[in-house]
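Hello,

Here is the structure I said I would pass on. Please have a look at it first; my notes on what was found come after it.

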Amino acid sequence: MKKSQGISYAKIILIGEHAVVYQQPAIALPIRSLTVTATLTPRTDGRQQIASIFYQGSLTDAAQTPFAGIATLIRRLLTFFEAPAQGFDLAISSMLPPERGMGSSAATAVAIIRAVYQAFDASLPHDRLLNWANVSERIIHGNPSGLDAATASATAPQWFVRGQAPTPIDFPTTGSLVIADTGVPGQTKTAVASVAAKLTQDPARYQPLIEAIGQATSQAALALAQDDLPLLGRQLMISQNALRQLGVSSPALDKLVAAALSAGALGAKLTGSGQGGCMIALAKAPAEAGAIRRALEAAGATTTWQYDLVESEDPS
Ligand code: MEV
């Protein structure tokens with residue numbers, strides 16, 4: 001094993017969350033200025049130590065903590081490389097707020113998998129990376145679609161359908177997204193399970209909402225291809241309306257959505273699993289994003305970011 005480093009990104013789901021669990025498409029983008037970095041340094045004393053904001057301590061003790069899913073991933077990776085007892089220091093530094101719909105757990109897994117493969121000088125095909133990320137995502141989230149890991153490991157916006165290879169999608173537009181954090185944590189596992197429960201209890205009522213999100217996502221792809229921002233904004237609203245009826249919005253998210261629309265956004269919706277976390281608002285042009293940001297901050301957003309679609313990276 002040699003010293004190594006793996007990097008991954010925050011993700012923002014433009015449209016399609018929750019429905020993507022049920023085979024509908026989704027569009028998501030990596031935020032390349034918000035990174036997770038995993039640095040792996042071999043130790044000769046056999047100790048396996050982790051230092052991160054989520055967990056500090058030995059790999060063994062992590063079993064009883066929220067870091068257990070990632071710890072299982074690390075153990076399986078070491079076993080795969082026939083080095084289960086290899087000592088190491090693993091330092092994880094993350095710019096992502098955890099439990100805010102930005103894919104913190106998937107990004108952490110992707111950074112660690114990349115670091116471990118590099119440490120053992122092994123090449124890492126993309127489908128294998130995504131399979132490995134699923135190990136911890138299944139433990140942490142129960143029934144992950146794979147969208148978070150696919151986006152955390154990508155460098156361009158992605159069109160994603162569960163079980164298929166993700167494909168890059170162009171964002172040829174002049175608009176901007178404003179991202180705003182409610183400051184309230186949201187648990188992906190709980191939100192996904194609550195949608196599953198609704199679908200089981202009353203499929204006739206809830207299944208059409210899943211399909212409506214899928215159709216809005218296809219329309220959103222068309223809107224992006226045609227540079228039709230008002231059409232895109234309408235699809236975001238259709239999706240937010242369906243997500244609210246599925247029970248994954250929240251009063252704080254609804255308040256920010258309303259504030260963004262009042263400030264001139266073409267559309268706004270929660271992003272990620274909801275029930276807290278972040279929302280996004282679509283501005284016609286970068287120059288109009290400032291007013292939306294100010295309105296969101298006045299309505300209680302704890303942090304806002306601006307992401308100009310034309311650049312497809314680097315929010316400020
Ligand atoms: C979570 O970031 C996105 C969800 O669609 C769950 C998933 O795709 O696994 C809510």
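About 2900 Å² is buried between domain 1 and domain 2 in this predicted model, and carbon and sulfur atoms account for 69% of that area. The size of an interface is often quoted as the accessible area lost when the parts come together, which is the reason for starting with that value.

To place the two parts: domain 1 covers 4–167 and domain 2 covers 171–308. Their centres, taken over C-alpha atoms, are 25 Å apart. Domain 1 brings 29 residues to the contact, and domain 2 brings 42 residues.

Which three residues supply more than any others of the area that domain 1 buries against domain 2? They are Leu-14, His-18 and Arg-100, which together give 25% of it.

Next, the polar side of the interface. Eleven residue pairs are in polar contact between domain 1 and domain 2. The interface also has two salt bridges. A salt bridge joins the side chains of Lys-269 and Glu-17, with 2.8 Å from N to O.

Last, the side of domain 1 that touches domain 2. At least two residues of that side come from each of β1 (4–15), β2 (26–43) and α3 (126–141). With six residues, β2 gives the most. Sorted by class, that side of domain 1 has 19 nonpolar residues, seven polar ones and three charged ones.

Regards

Key:
Residues numbered from 1 in each chain as written. Predicted model: local features only at pLDDT ≥ 70, side-chain atom pairs only at ≥ 80, totals over all residues. Heavy atoms only, no water. Domains from an automatic or database assignment. Contact = heavy atoms within 4.5 Å. Buried area = accessible area lost by both parts, 1.4 Å probe. Salt bridge = Lys/Arg side-chain N within 4 Å of Asp/Glu carboxyl O. Polar contact = N/O pair within 3.5 Å; in protein donor to acceptor, adjacent residues only side chain to side chain. Helix = DSSP H or I, 4+ residues; strand = E, 2+ residues; numbered from the N terminus. Nonpolar A, V, L, I, M, F, W, Y, C, P; charged D, E, K, R; others polar.
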